[in-house]
Amino acid sequence: MFTFHSIQDYHKALGDGTVSCEEAVLHYLKEIDSHAHLNAYLRIYGEEALETARSLDKKRSNGQAPGKLHGVVVGLKDVLSYKDHPLTASSHILKDFVAIYHATVVEKLIREEAILIGHLNCDEFAMGSTNENSAYGKVLNARDESRVPGGSSGGSAVAVQAGLCMVSLGSDTGGSVRQPADFCGILGLKPTYGKVSRYGLIAYASSFDQVGVFGLTVPDVAKVLEVIAGEDDYDSTVLPANTNNGEWSVGKEDLTGKYRIAYFKEALEHPGLDPEIRNTLQQYIQRLRADGHTVEGIDFELLDYIVPAYYVLTTAEASSNLARFDGVKYGYRTPTAGQDLDLTEFYKRTRSEGFGKEVKRRILLGTFVLSAGYYDAYFTKAQQVRKLLVDRTNLIFNDFDIILLPTSPTTAFKIGEKMDDPIAMYLADIYTVYANLTGIPGISIPLFTHTNGMPFGVQAMTNRFKELSLLRFSHLMMQQYKSYENPTLCD
Ligand code: GLN
């Protein structure tokens, strides 16, 4: 029987001839089938994946040098363009849309011989924190099926959590990789803004969006990052200084480093934070200190402004980005279009029928904050908050290597728990949106288990483009802190 531990082990087994890519794909297709009720995959590309696997097996037997992700079975969030395959962003408005080009990240995965097994469910246009906003049904958390997997990349998280692919890609605009990773007990990395090309990623809020990686081990996440990162002629926001990125050499990880770590006092003292998560993190901080790291609580008086600033700026960008879905050139068109409608009525009906409730809410909010009478009061103010956050963050990284925060204030919600209260849902993003507002990289590291049986992690962040240091720190945590004898830690 096929079992997956890490890309490195899998590559070794392929080299030894004890397993083949075809066997791996057959294994995942069987698992996907027997876990279909989780609703993680929207579409499975089984035949194609098998074909690719067979050709990779042949290539290996001919002695050709393997690519960096040779035979690695990857799932894609349904916002990443895979040429000649449907692409819906989990929205009714793109129901029959077929992608006409590869996203740069997809192109790079294929070039390094990954096997793309399917597209994964998510919140519509990546807007949400539970995956309940998908037009194609909710996703269940495999650890407890009465709970959500988090969002918006819920399908991508569950696919890795439940063993339905080796690694997956998601997108993170305000936490959509880190928070579902936290809820599902796996690793989720959001790279620096400008590290990975957004070409072929369906835009939600372009100055926040970044493609991220889900995996079970830090070396796996590092390997995928190494492949997908880097300059791209099609995305001028990818910074050139970023090629020497996560070059991670397995076996040479530094487990001896001592880190200067900051956490925000206001974050740990926040009344919305689950008391058990607070206690566990406090004990964890003590342990880090005992092990020789410097850990300091610092004042961060801006904490209460970050969720409002995020929701003003991202909805503004979304209202502009989503204007393209008008039923004219592609996507859903109202069936009443033939009935002599004027253009405004045609747009209105197409968009009202095609978009879900949360997407409409954000388009309306975004249009409002950009409107002539309110622009300065909301949009300009939020931009000013963003600038303050960036300045403050630069100062913090003069003195520290790492910022630690919880990933989410609670463990995974019960299905339906927050659906009637969008504000409560938005407020739960308090710890993740900071990294997107400032552009820094962040990772959720799955170290703990709550007495309610659900996993939770700690979120680590470094300065821009310091992914290598972030991954080293994460690896150290995974190696040495998962076994911490606190009863609430994973064993
Ligand atoms: N939960 C956040 C939101 O709803 C994050 C979304 C994301 O990162 N795509 O906006």
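What follows is a short tour of the ligand site and then the cysteines.

Keep in mind that this is a predicted model, so local features need pLDDT of at least 70, side-chain atom pairs count only at pLDDT 80 or more, and totals for chains, interfaces and linings use all residues. Residues are numbered from 1 along each chain as its sequence is written, and side-chain values use heavy atoms, with hydrogens and water left out.

Start with the ligand. There are 15 residues around the ligand, and Ala126, Thr173, Gly174, Ser176 and Tyr310 come nearest (a residue is near if one of its heavy atoms lies within 4 Å of the molecule). Sorted by class, that shell holds 5 nonpolar, 7 polar and 3 charged residues. Here Ala, Val, Leu, Ile, Met, Phe, Trp, Tyr, Cys and Pro count as nonpolar, Asp, Glu, Lys and Arg as charged, and the others, Gly among them, as polar.

Now look at the polar contacts (pairs of N or O atoms within 3.5 Å). A polar backbone atom of Gly174 sits 2.6 Å from a ligand oxygen. On its own the ligand has 290 Å² of accessible area, and the protein covers 99% of that (Shrake-Rupley method, 1.4 Å probe).

On to the cysteines. How many disulfides are there? The count is 0, taking a disulfide as a pair of cysteine sulfur atoms within 2.5 Å. Cys165 has its closest cysteine sulfur in Cys184, and because the gap is 12 Å, that is too far for a bond. Cys165 counts as buried because its relative accessibility is 2%, where buried means under 20% relative accessible area (1.4 Å probe, protein chains only). Cys184 is buried too, with a relative accessible area of 2%.

Technical notes
A polar contact is a pair of N or O atoms within 3.5 Å; within protein, one must be able to donate a hydrogen and the other to accept it, and residues adjacent in sequence count only if both atoms are side-chain atoms. Buried means under 20% relative accessible area, exposed over 50%, partly exposed in between (1.4 Å probe, protein chains only).
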